[in-house]
Amino acid sequence: MDGAEPERLRGGPADAVRDPELFEAFYRRHVDAVVRFVARRVDDPHTAADLTAEIFLAVLDSAHTYRPRLGSETAWLYGIARNVVSSERRRIAREAERDRRFSGRRLLEPDDIVRIEDKLDAESPGRRALAALERLPEGERAVLELIVVDQLTIPEAATALGIRQVTARVRLHRARKALRGEADSGANPGAAPKAVGTPPDTSLLYVRRGEA
């Protein structure tokens with residue numbers, strides 16, 4: 001995960017969206033982690049800026065759904081962020097016109113673009129890791145990317161996806177097993193290829209908190 005969970009404001013997101021000052025503090029507390037989350041999934045700074053803004057707008061509609069007993073604010077935010085990014089991908093697939101993003105570009109200052117480009121460069125290994133997971137089933141890929149790439153714990157990933165912890169553990173096990181099998185197949189010249197391309201680096205499977 002992107003650093004330790006910061007101290008929560010009183011009442012969490014629900015209070016923050018009712019008070020402009022609290023929301024400003026909530027935004028500043030989480031914006032860097034959200035930008036990094038997005039930067040691991042897109043490589044255009046304008047798109048990253050638009051998606052980050054959409055994520056915090058979605059918080060206004062979803063604040064009432066946050067339950068501290070189910071996980072951290074960051075895990076909850078990542079669940080919202082995944083939905084926003086997925087919706088954007090579907091929109092791009094359906095539409096050729098991108099007028100909304102062009103209008104968003106006019107709101108960005110040059111310094112904003114430089115900062116976002118720096119984050120895009122820093123998160124390029126994360127984008128490569130996500131690309132290696134594309135052949136996995138959606139449910140297994142989602143768990144693995146949140147745990148390995150975004151560095152959430154298993155309980156936090158389960159919270160972000162709205163599933164039980166045991167389901168997250170099963171999906172994580174299956175995803176790791178599939179990637180190990182694919183890597184082993186690629187390393188064995190006599191084995192039938194499972195997919196075109198270089199097998200994923202299975203060392204990625206364990207680069208997360210508490211695992212080696």
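Start at Arg 28, which counts as exposed at 62% relative accessibility. This is a predicted model.

Arg 28 and Glu 24 form a salt bridge, with 2.7 Å between the closest N and O atoms. Both residues sit in helix α2 (residues 20–39), 4 residues apart, or about one turn of the helix. Glu 24 is partly exposed, at 35% relative accessible area.

Stay on α2 and select Asp 32, then Lys 119. Here the closest N and O atoms of the salt bridge are 3.2 Å apart. This pair links distant parts of the chain: Asp 32 belongs to helix α2, Lys 119 to helix α6 (residues 110–122), and 87 residues separate them. Asp 32 is partly exposed at 34% relative accessibility. Lys 119 is partly exposed too, with a relative accessible area of 23%.

Next, select Glu 145 and Arg 41. Their salt bridge has its closest N and O atoms 2.9 Å apart. Glu 145 lies in helix α8 and Arg 41 in the loop between α2 and α3 (45–62), so the pair ties together parts 104 residues apart in sequence. Buried or exposed? Both Glu 145 and Arg 41 are buried.

The whole structure holds 12 salt bridges.

Last stop: Gln 151, in the loop between α8 (138–149) and α9 (154–161). Check its backbone. Gln 151 is not a glycine, yet its phi is positive, at about 65 degrees. With a relative accessible area of 19%, Gln 151 is buried, because the cut-off for buried is under 20%.

How values were computed: Residues numbered from 1 in each chain as written. Predicted model: local features only at pLDDT ≥ 70, side-chain atom pairs only at ≥ 80, totals over all residues. Heavy atoms only, no water. Helix = DSSP H or I, 4+ residues; strand = E, 2+ residues; numbered from the N terminus. Buried < 20%, exposed > 50% of the residue type's maximum accessible area, 1.4 Å probe, protein only. Salt bridge = Lys/Arg side-chain N within 4 Å of Asp/Glu carboxyl O.
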